[in-house]
Amino acid sequence: GQEVKLGKRAGGYVTLRELIEWTSRDAVRFFLIGRKADTEFVFDIDLALKANDENPVFYVQYAHARICSGVVILSSVRPLRSTWPAATASASRAVRTAGSSTRKRSAL
């Protein structure tokens, strides 16, 4: 629970591999991405190990699981249809049609 200062000169440092072994890959990745590269890095191991909403990694993972669960439930009730290719094809036809009519007018 106490903060420990680490430095290369004193010979005390923790590798990323050790942090991952102590906590999890997701926790280390989340805390590293959440900081600027040129700022002091403070990694709270106790916070990373908590399994409640105080831990931002746990909170994000929980939210992701809930969203995926909702998608599975909705897709079982009403199958998802992909309208992307049809919408893209009709939009490109509209653009081509509009472009060709513009060219014809300018030629007159």
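**Exercise 1. Find what covers the buried residues of helix H2, and which residues those are.**

Solution. Start with the cover: helix H1 (16-22), helix H3 (45-49) and H4 are among what lies over the buried residues of H2. Helices here are DSSP runs of H or I with at least four residues, strands are runs of E with at least two, and both are numbered from the N terminus. Next, pick out the buried residues of H2: Ala27, Val28 and Phe31. Buried means under 20% relative accessible area, exposed means over 50%, and partly exposed is in between (1.4 Å probe, protein chains only). Down the axis of H2, these residues fall within an arc of 95°, so they line one face of the helix; the arc is taken from the directions from the helix axis to the C-beta atoms. Finally, turn to the other side of H2, where Arg25 and Ile33 are exposed.

A word on the model: it is predicted, so local features need pLDDT of at least 70 and side-chain atom pairs pLDDT 80 or more, while totals for chains, interfaces and linings use all residues. Residues are numbered from 1 along each chain as its sequence is written, and side-chain values use heavy atoms, without hydrogens and water.

**Exercise 2. Work out how H2 and H4 cross, and which residues make the contact.**

Solution. First, take the axes, which are lines fitted to C-alpha atoms over the stretch in contact, with angles from 0 to 180 degrees between N-to-C directions. Those of H2 (residues 25-33) and H4 (residues 56-77) come within 9 Å and cross at roughly 110°. H2 and H4 are therefore roughly perpendicular (65 to 115 degrees; under 35 is roughly parallel, over 145 roughly antiparallel, the rest oblique). Then list the contact (heavy atoms within 4.5 Å): Asp26, Ala27, Phe30 and Phe31 of H2 meet Pro56, Val57, Val60 and Gln61 of H4.
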